[in-house]
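Please look over the sequence and the structure shown below before reading on. The report that comes after them is meant to be read with the structure open beside it.

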Amino acid sequence: MIMDWIRKIVYIFILVVIAIFVFDSFAFGMHTASKQDYKFNQYLYLTITDNTKTEIEYKIVNRMKVPMEYNNAYEIQMYKNKEWKQFDDEIMFNLESKIIDSKEVKGEKIKLDKTYGKLKKGRYRLIKNVGGYNIAAEFVVK
């Protein structure tokens with residue numbers, strides 16, 4: 001009798017693991033973005049469409065099979081001395097939640113002069129969290 005219960009628990013555990021794997025494969029197309037780095041991902045990524053010293057225009061591309069939630073939070077980093085550096089410890093945002101549907105591209109603008117002032121010449125990257133994944137796009141201010 002105890003062996004029957006143990007066998008049932010093992011079967012349930014195996015089914016749960018299989019269900020998680022199938023959901024992950026279905027939702028993310030067998031490829032998930034890393035939560036720890038900002039490398040290019042073919043399913044969820046940012047592109048910078050235009051930038052000046054005071055404004056960035058970008059697009060979020062969602063090629064996932066599920067909608068993704070995001071908000072206005074962002075971080076700007078500057079490439080200096082062969083590494084990425086934050087301007088400060090704060091990430092700029094408000095709490096407005098947004099959804100980008102599956103297979104959708106959404107464009108937005110960020111006015112930098114209100115938070116960072118005018119950016120100096122250099123290499124930068126915009127970082128956004130979309131669906132729990134940090135994604136980034138680089139841009140140059142001339």
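The sections below go from the chain as a whole to its sheet, its core and a few single residues.

## The model and its confidence

This is a predicted model, and a careful reader will want to begin with the confidence scores. The chain averages a pLDDT of 79, and 76% of the residues score at least 70. Among the elements of the chain, the lowest mean pLDDT, 64, belongs to helix H1, which covers residues 2-28, while the highest, 93, belongs to E2. Over residues 21-37 the pLDDT falls below 50, and beyond near neighbours in sequence this stretch has 24 contacts in the model. Where pLDDT is low, the predicted coordinates should not be read in detail.

## The chain as a whole

The secondary structure of the chain comes to one helix and nine strands, and read from the N terminus the order of the elements is α-β-β-β-β-β-β-β-β-β. Of the contacts between residues at least 6 apart in sequence, 64% join residues that are at least 24 apart. Buried residues make up 32% of the 142 residues in the chain. The chain exposes about 9700 Å², and carbon and sulfur atoms supply 57% of that area.

## An open sheet of three strands

Three strands form an open sheet in the order E1-E2-E7, with antiparallel pairing. The edge strands are E1, residues 44-51, and E7, residues 104-111, each of which pairs on one side only. On average, and with direction ignored, neighbouring strands of this sheet are turned by 25 degrees against each other. Strands of a sheet pair through backbone hydrogen bonds, either parallel or antiparallel.

How many bridges join E1 and E2? Strand E1 and strand E2, the latter spanning residues 55-62, pair in the antiparallel sense over seven bridges.

Tyr-58 has its place in strand E2, and Tyr-58 counts as buried because its relative accessible area is 2%, where the cut-off for burial is under 20%. Leaving aside neighbours within four places in sequence, Tyr-58 is in contact with residues including Leu-46, Thr-47, Ile-48 and Thr-49, and also with Lys-106, Gly-107, Glu-108 and Ile-110. The C-alpha atoms of Tyr-58 and Gly-107 are separated by 5.6 Å, although the two residues are 49 residues apart along the chain.

## Strand E4 and its partners

Strand E4 has pairings with two strands that can be traced in the model. E4 and E8 pair in the antiparallel sense over four bridges, and four bridges also join E4 to E5, again with the strands running antiparallel.

## The nonpolar core

Which residues have the most contacts inside the largest nonpolar core? This core has 25 residues, and those with the most contacts inside it are Ile-60, Ile-76 and Leu-126. The elements that give two or more residues to the core are E1, E2, E3 (68-71), E4, E8 (122-130) and E9 (133-141). The largest share, five residues, comes from E9. In soluble globular proteins, nonpolar side chains tend to be buried together.

Leaving aside neighbours within four places in sequence, Ile-76 is in contact with residues among them Ile-56, Phe-87, Leu-112, Tyr-124, Leu-126 and Phe-139.

## Residues with positive phi

In the hairpin of E4 and E5, which has two residues between the strands, Asn-81 takes a positive phi near 55 degrees. Lys-82 lies in the loop between strand E4 (75-80) and strand E5 (83-86), and the phi of Lys-82 is near 65 degrees, a positive value in a residue other than glycine. Is Lys-82 buried or exposed? Lys-82 counts as exposed because its relative accessibility is 75%, and the cut-off for exposure is over 50%.

Lys-103, in the loop between strand E6 (97-100) and E7, also has a positive phi near 65 degrees. With a relative accessibility of 59%, Lys-103 counts as exposed.

Methods. Residues numbered from 1 in each chain as written. Predicted model: local features only at pLDDT ≥ 70, side-chain atom pairs only at ≥ 80, totals over all residues. Heavy atoms only, no water. Pairing = 2+ DSSP bridges. Axes fitted to C-alpha atoms, helices over the stretch in contact; angles between N-to-C directions. Buried < 20%, exposed > 50% of the residue type's maximum accessible area, 1.4 Å probe, protein only. pLDDT = per-residue confidence, 0-100. Contact = heavy atoms within 4.5 Å. Areas by Shrake-Rupley, 256 points an atom, 1.4 Å probe, with all protein chains shown as cover. Core = buried A, V, L, I, M, F, W, Y, C linked by side-chain atoms within 4.5 Å.
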